[in-house]
Amino acid sequence: MIEPILILQMIEAIPIQLMIIFAGLLATVSFIGLNAILLVYLERKVAGFIHRRPGPYEVGPHGILQPFADGLKLVGKQIFTPTGADSFLYWLAPMISMAPALVCFLVIPFGPHLQIFNTNVGMVLILAFTGINVLALCIAGWTSQNKYSLLGAARDISQSVAYEIPLLLSILPIIFMTGTFNLFDIAMKQGSWPWQWFIVYQPLAFIIFFICALAETNRAPFDLPEAESELTAGFHTEYSGMGFALFFLSEYAYMVIAACVTAVLFLGGFHGPGVSGWWWFLAKVYILLLIMIWIRWTFPRVRFDQLLNICWKWLIPLAVINLLVTLLVIAL
Amino acid sequence: MNLDLRLDTSGDFYAQKFQPTKRDDTLILNMGPQHPSTHGVLRILLEIDGEYIVRAEPVLGYIHRMHEKMAEVMSYPQYLPNPARTDYLHALAWGWAHVGAVERIMGIEVPERAEYIRVITCELNRINSHLLWWGAYLLDLGAFTPIMYSFDDREIIMDIMQRITGSRLTYCYYRFGGVSDDIDDRFVNETREQCARMKERFKMYKDLVTDNFILRKRVEEIGEISVQTCRKYGATGPVLRGSGQAYDVRRAEPYSVYDRFDFNIPAYDTCDAMGRYMVRMDEMQESIKIIEQALDSLPQGDFIHPKAPKRAKPPAGDVYFAVEGARGKIGMHLVSDGGKSAYRLKLRAPGFSNLSLFAEVSQGTLISDAVSILGSLDLVIPEIDR
Amino acid sequence: MSDADEKSVEVPDKEKAAKTEESPPPIYTGYDLDYFVTPDDLVEAVEKLDQADFFLEDISCVDLQEGFQVVYHFDRFDQPGRVGLRVMADRQKPEIPSIHHIFPGADWHERECFDFFGVIFKGHPNLLPILLDPDYQGPPPLLKAESERKGLQDIYPDRDLTPVDVKSDKFVSEITNCSNPKYRNPL
């Protein structure tokens, strides 16, 4: 029988940082879950609006229970492994895809007092962990024992690797201007009014970053790894039930991360006219997400070689020039 | 774990015939018969090097129903609904090819009003077919929204047609010597309204889709088909006109009252998918021109010849009758022995000839381009498989 | 030899046309030229048509008492006019030379003919079933029963069945000048 006082002592023995991270992870999971529910509904409603149809309308008033119905369906579906697939790696892939997304939320400053883990390497941490997603998609495509999945994985690797470069190059000017990788400090360096945000100083970097973010999150018009009309569903062709749902969730999570990072780097983070706070942050994030959804339902998909051409022939040179000009201005 | 995805020894008859070439860095990909962009049950065996196509071979027959045998066991009126089931998108043109062949071999006269009604309904149906193609093609290219807009327009046309013909897709409206029911003022007014509406919509389509930068990059200089290739493979319709040859059966072998209307035959000599795209977009506008002219000069009279035979029994002989369908030249070779059902009825499906050039054209293209080429050929698989 | 006269368009009397018991003879066959060709001459005839810029519409086949009548339909883009080539294949040994090397589009049409009637096209590289199931066992589906088969005379009563001489200048000039009388220049 352990004395209650002993338990308290044991809890005190755990470092406070670890407890914050643990609580933060729990909060992040619920945040991602809630966001996914909201985004699924939002995406379908916005798509409906663009298509001039009502969108989900049957489940609940104005279809607001549709995401729950979708979730239930996915949970209830049979889970199976294709013949000849490596079942360990096959089921590891969706988890590898999902786990880094959780960590990334830890360092994002949602508000002046709402950041789970303030660290000097916040930006680097996000870049490092989002990079792991490529590995997950690669494993998923490779182990599915399906040629379409394999092609999807091959596309994903070359796409992600290529777009990582302009993405970094478009972040660097901000880093040089602020002199820190700390996301909180970057947000604090910007003022409340839109003309005090970095988008005014770095419009080109913002556009490059946003395009790269679309490509990195595999959103249309760069959704080539899962191009449905060419590769049926690309890397997740064989996944069913929760395996598919995890990929789906992580895609939305990475979308939110991309929008969060854009908001912090270029749009002043939690700053806004009037009282700054998490509400401004969420508003900016959701406007960016809406733009992503809008783009998805408007444009045709680009071709694979065109996608790489955009990256190597346009984005990288432009990002380099932008970086050089920024350095020149800072040096002067 | 079997990592050698190259040799598929467990494949079926066609997969085993389609063995890889001597190269050891290629992959055999089985595209279809269940694939989002083969529009039904077309199957294509591809040998790919990375994403480049080395060899392609379409495999047909997954929705083969032997319409030609049915023609031999059914009497002529019984066969009337069948042609609509081959090409469900331009059902009326197929129906027309059938009744036209029988009318010609029997010498049945068609009243003028019936000819005008046929022209109006057939052209409405052509617009419908092209609209669906437009939406589906953009879907192939990854744009989801256009198909919703095109269905918006199709819905109105289908409502108009439904009142007159009694069906929405697989029409069985034409009879030997006329049509099954007369059109009324409401039909005329609704059609005029829809024509006016469509003209506005085409402007929007142009702004939203045709001028889109990404779309142009996806269709321009893709799948170039020369006129000579078309001739060697017998490709007709928008595929041929997209190669710059203004050949249209409505002009070349004028049937019905098409020679009375003033319309252009759009042709683009870019020979690529964009040419075929533009031909279809222009053809819809030409169809509207024809419909409006026909409505303006719609004569009074019978909608079916009063002495049209109920039980057709053509004399012995054979006849070949061709009409212009949305996908090209629809031909019917009817051989009659004087009995009450055809001795032999051969259906010429335009898609059959159009698809046969795919193997040649797709060589050396990317998978994405192959999807784009397939879409630009406007395939309706039930028509190809008959 | 040719049926160039048949297509002359004359509208029959209304009363005559409406009679169901005794219909009038066909007035429009859709053929501007129509020839019987021997299997040996086929390739040469098709080559001549190819030189005259014709395209292959389709290959039809009719099962008759005398054997299989394979009908090739050709048409032209610039100067429309349909040419029919009729080849009789022997029932016991239905072999016809393939024209796939002249018109690659004939490939699938020949396979279809092989599928439905069992006509063998000599020289075809890939004579496999195209529309039917490759596992299908049994006779070709469009073969007629012995009792239902009609002869050439039943279907083409007043028709000269002698094959055309494809080497003659007459044949060449006829196909070169072939055109549909209804055809007019595009506006």
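Biologist: Is strand β2 of chain C buried or exposed?

Modeller: First, a caution: this model is predicted. Now the general idea. A residue counts as buried if 20 or more other C-beta atoms lie within 10 Å of its own. Apply that to β2(C), residues 54-64. Here 11 of the 11 residues are buried, so the strand is largely enclosed by the rest of the structure.

Biologist: Which strand does β2(C) pair with, and how do the two run?

Modeller: Look for bridges between strands. In this case, 10 bridges join β2(C) to β3(C), residues 67-76. The two strands run antiparallel.

Biologist: How many residues lie between β2(C) and β3(C)?

Modeller: Two residues lie between them, and the strands form a hairpin.

Biologist: What is the pattern of chain C along the sequence?

Modeller: Read helices as α and strands as β. Chain C then gives α-β-α-β-β-β-β-α-β-α-α. That comes to five helices and six strands. Of its 187 residues, 43% count as buried.

Biologist: How do I read contacts within chain C?

Modeller: Ask how far apart the partners sit in sequence. Take contacts in chain C with a separation of 6 or more. Residues 24 or more positions apart account for 62% of them.

Biologist: What does chain B have in helices and strands?

Modeller: Chain B has 16 helices and eight strands. Of its 386 residues, 59% count as buried. Among contacts between residues at least 6 apart in sequence, 70% join residues at least 24 apart.

Biologist: What radius of gyration does chain B have, and what would a compact globule have?

Modeller: Compare the chain with a rule based on its length. With 386 residues, a compact globule would have a radius near 21 Å; chain B has 22 Å, which agrees. Along the principal axes, its C-alpha atoms fill a box of roughly 70 × 50 × 35 Å.

Biologist: Which chains have the most contacts between them?

Modeller: Two pairs of chains touch, and chains B and C have the most contacts. No contact joins chain A and chain C. Their closest C-alpha atoms lie 25 Å apart.

Biologist: How many residues does the contact take from chain A and from chain B?

Modeller: It takes 25 residues from chain A and 28 residues from chain B. On the side of chain A, the elements giving two or more residues include α2 (16-51) and α6 (147-178). That side divides into 10 nonpolar, six polar and nine charged residues.

Conventions: Residues numbered from 1 in each chain as written. Chains lettered and ligands numbered in written order. Predicted model: local features only at pLDDT ≥ 70, side-chain atom pairs only at ≥ 80, totals over all residues. Contact = placed C-beta atoms within 7 Å. Helix = DSSP H or I, 4+ residues; strand = E, 2+ residues; numbered from the N terminus. Rg over C-alpha atoms; globule rule 2.2 N^0.38 Å. Buried ≥ 20, exposed ≤ 12 C-beta atoms within 10 Å, placed from the backbone. Nonpolar A, V, L, I, M, F, W, Y, C, P; charged D, E, K, R; others polar. Pairing = 2+ DSSP bridges.
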